[in-house]
Amino acid sequence: MLTSVFLLGLPGGMEWVLIFAVVLLLFGGKKVPELMKGIGKGLREFNDAKEKVKANIEEGMKPEEPKKAE
C-alpha cells in the first residue's frame, strides 16, 4: 500500500508529451501562448507577494531602537 503511493510521483517524459497534447487540443495553438503568459504573470505576482510578506516579517522581527530625547 505504501509503495503504491511512491509510484504516483511526478510525470515522466511520455506523460508530459500526453499532457501537452491534451492542452493543445483543448485550447488550440493560438491560445497556448496566452495561457503560458497568464501562468507566468501569475507566478511572478505570487513571488512578488511572497517577497513582500517575507520582508514584512523580517522587518517585524528587528529589535526596536530606543528613541533619543531632545
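**Figure 1. Leucine 18 is located in helix H2, which spans residues 13-27.** The model is predicted: local features require a pLDDT of at least 70, side-chain atom pairs count only at pLDDT 80 or more, and totals for chains, interfaces and linings use all residues. Residues are numbered from 1 along each chain as its sequence is written, and side-chain values use heavy atoms, with hydrogens and water left out. Leucine 18 counts as exposed because its relative accessibility is 56% (exposed is over 50% relative accessible area, buried under 20% and partly exposed in between, with a 1.4 Å probe and protein chains only). Together with Val22, Leu26 and Phe27, Leu18 makes a nonpolar surface patch of about 420 Å² (patch residues have over 30% relative accessible area and no salt bridge; nonpolar side chains, namely Val, Leu, Ile, Met, Phe, Trp and Tyr, are joined within 5 Å, and like charges within 9 Å).

**Figure 2. Acidic residues form a patch of negative charge on the surface.** The patch gathers Glu45, Asp48, Glu51 and Glu58 (Asp and Glu count as negative, Lys and Arg as positive, while His and the chain ends are not counted). Glutamate 51 belongs to helix H3, residues 31-61 (helices are DSSP runs of H or I with at least four residues, strands runs of E with at least two, numbered from the N terminus). With 46% relative accessibility, glutamate 51 is classed as partly exposed.

**Figure 3. Lysine 31 and glutamate 34 are joined by a salt bridge.** Their closest N and O atoms are 3.7 Å apart (a salt bridge places a side-chain nitrogen of Lys or Arg within 4 Å of a carboxyl oxygen of Asp or Glu). Side chains of opposite charge can pair when their charged atoms come close. Both lysine 31 and glutamate 34 lie in helix H3, three residues apart, about one turn of the helix. Lysine 31 is partly exposed, its relative accessible area being 46%.

**Figure 4. Glutamate 59 pairs with lysine 62.** The N to O distance in this salt bridge is 3.8 Å, and the structure holds two salt bridges. Glutamate 59 counts as exposed at 52% relative accessibility, as does lysine 62 at 53%.

Figure 5. Along the sequence the pattern is α-α-α. Of the 70 residues, 1% are buried. The protein exposes about 7,200 Å², and carbon and sulfur atoms supply 68% of that area (Shrake-Rupley method, 1.4 Å probe; for residues, only the protein chains shown count as cover). Average pLDDT is 83, and 86% of the residues score at least 70 (pLDDT is the predictor's confidence in each residue, from 0 to 100). Where pLDDT is low, the predicted coordinates should not be read in detail.

Methods:
Charge placed at Lys NZ, Arg CZ, Asp CG, Glu CD.
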